[in-house]
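Please look over the sequence and the model below. The paragraphs that follow go through pairs of charged side chains, then aromatic rings, then an annotated domain.

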Amino acid sequence: MAKIQTDPDTAHAPAAGAAPARAADDIPRAVQALADQLAATAVERDRQGGHAAAERERIRASGLLRLSVPTQYGGAGASWSTVLAAVRTLAEADSALAHVFGFHHLQVAGVLLYGTPAQHDYFLRPTVERNLFWGNALNPLDRRVVARAELDGYRIDGVKSFSSGSVGSDLLTFSAWHKASGTALIAALPTRAEGITVNPDWDAFGQRQTDSGTVRFDHVRLEPVQVLQAPGVDPAPRATLRSQVAQLIMTNLYLGIARGAFREARRYVRDDARPWFASGVQRHADDPYVQERFGEFWLRVQAAQALADVAGLRLDAALARGPSLTADERGEVAVAGAQAKVLAHRAALEVGDGLFDVTGASSTAARYGYDRYWRNARVHTLHDPVAYKIRDLGRYALLDQIPEPTAYS
């Protein structure tokens, strides 16, 4: 089987001092150390936008790109609840880079869930040995990328939008519409394969450094080993868990944003804020109206966190079932994930906006960058309409109907 070929300038040997795999008790410390590094420059980088090349190298040097890769390929073999907790912690500091980190691991999940053991070895061993960063061009709603049969493989042409993590990546997972079968194929290629162009044209007002460029494919050759899911193939229930991994990554991004906004609002109120003249208190933190709002924030965050933790453990248990996972069992994971996502969505938006009610006018100074919490949450929560999650939960609660497996449910 041919080896993955990447540009020599972007093939990264393990950084000096970066462990190829981490003991379970060392992972939270490594994640927190990385979060602290990202936090130091997060406000300024949010203003600048663009590609955070230096920070992506910090992520690479941390050894945490190997977190979700099974131990037989040299990875840490961490549970998905552990990976999701890492996304959450990083999102407290920098939700854009947490997105890039989380979507790297989502592509690893795609290889594991769609691919064969031979493909696992083909893609994941180099991921660890060369410390490669994954991105994606998988947006299922954009069918402009098409696949045509060619010899024993396919030819890929077209443009894909919302390609998170594509800028600066080494490998790409992507989808292409196969008109003959009326279905999509899912595959992976080196980002610098001949005919692939990544355009750094992301310009949203939030999540500014998610490297979500537009990817163009011009007569790109796709070999059979690179096809993770062939067109016309109905995935088994276990393979459809990829969308649940994606949903829970987003849930923990939102939760991390909410926690970060809460933490900063708490610090500001305790250390910097002055009480309103009519409050009758000496400290702003003693204002009962401020305390009431913090109680509401706390409830939002705690409820979302509790359900996110449950959903992560449900995902772990479903993956442990292997090929014997049933459609109903998969559906229970989707229900747990939908519950957590709705509450995390609400917590991020409400705390991200409401923090200004308790911190006051001076907290809007640009040096704090507190507006980034709401902006980042608002942009990312539009990924898929939360109303459809609530509809799915209503169908489950009323009719015992589990969510239909899609790229978003």
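R148 and D157 are joined by a salt bridge, with their closest N and O atoms 3.8 Å apart. The model shown here is a predicted one. Side chains of opposite charge can pair when their charged atoms come close.

In total, the structure has 32 salt bridges. One of them is between R375 and D46, where N and O are 2.4 Å apart. R375 belongs to helix 10 (residues 371-380) and D46 to helix 2 (residues 42-48), so this contact ties together parts that lie 329 residues apart in sequence. Both R375 and D46 are buried.

Another salt bridge connects R300 with E350, at 2.8 Å between the closest N and O atoms. Here the partners sit in helix 8 (residues 288-320) and helix 9 (residues 327-359), so the bridge ties together parts 50 residues apart in sequence. R300 has a relative accessible area of 33% and is partly exposed; E350 is also partly exposed, at 34%. Elsewhere, salt bridges with shared partners form one network of E92, R259, R263, E264, R267, D271 and D272.

The aromatic rings come next. A pair of aromatic rings is described by the distance of the centres and the angle of the planes. There are 12 aromatic pairs in the structure. In the pair of Y122 and F123, the ring centres are 4.8 Å apart and the planes meet at 80°, so the arrangement is edge-to-face. Y122 is buried, with a relative accessibility of 9%, and F123 is buried at 1%.

F162 and W202 are also edge-to-face, with 5.9 Å between centres and 70° between planes. This pair links distant parts of the chain, 40 residues apart: F162 is in strand 3 (residues 153-163), and W202 is in the loop between strand 6 (196-199) and strand 7 (213-222). F162 is exposed at 54% relative accessible area, while W202 is partly exposed at 27%.

Ring pairs also connect F262, F294, F297 and W298 into a cluster. Two arginines lie over ring faces: R56 over F133, 4.2 Å from the ring centre, and R372 over Y373, at 4.5 Å.

Finally, an unreviewed UniProt entry annotates residues 253-383 as "domain: Acyl-CoA dehydrogenase C-terminal".

Terms used:
Residues are numbered from 1 along each chain as its sequence is written. Side-chain values use heavy atoms; hydrogens and water are left out. UniProt positions are given in the numbering used here, feature names are shortened, and annotations may be inferred rather than shown by experiment. Rings of Phe, Tyr and Trp (its six-membered ring) pair if their centres lie within 6.5 Å; planes under 30 degrees apart count as stacked, over 60 as edge-to-face and the rest as tilted. Buried means under 20% relative accessible area, exposed over 50%, partly exposed in between (1.4 Å probe, protein chains only). Helices (H or I, at least four residues) and strands (E, at least two) are DSSP runs, numbered from the N terminus. A charge sits over a ring if NZ of Lys or CZ of Arg is within 6 Å of the ring centre and within 35 degrees of the ring normal. A salt bridge is a side-chain nitrogen of Lys or Arg within 4 Å of a carboxyl oxygen of Asp or Glu.
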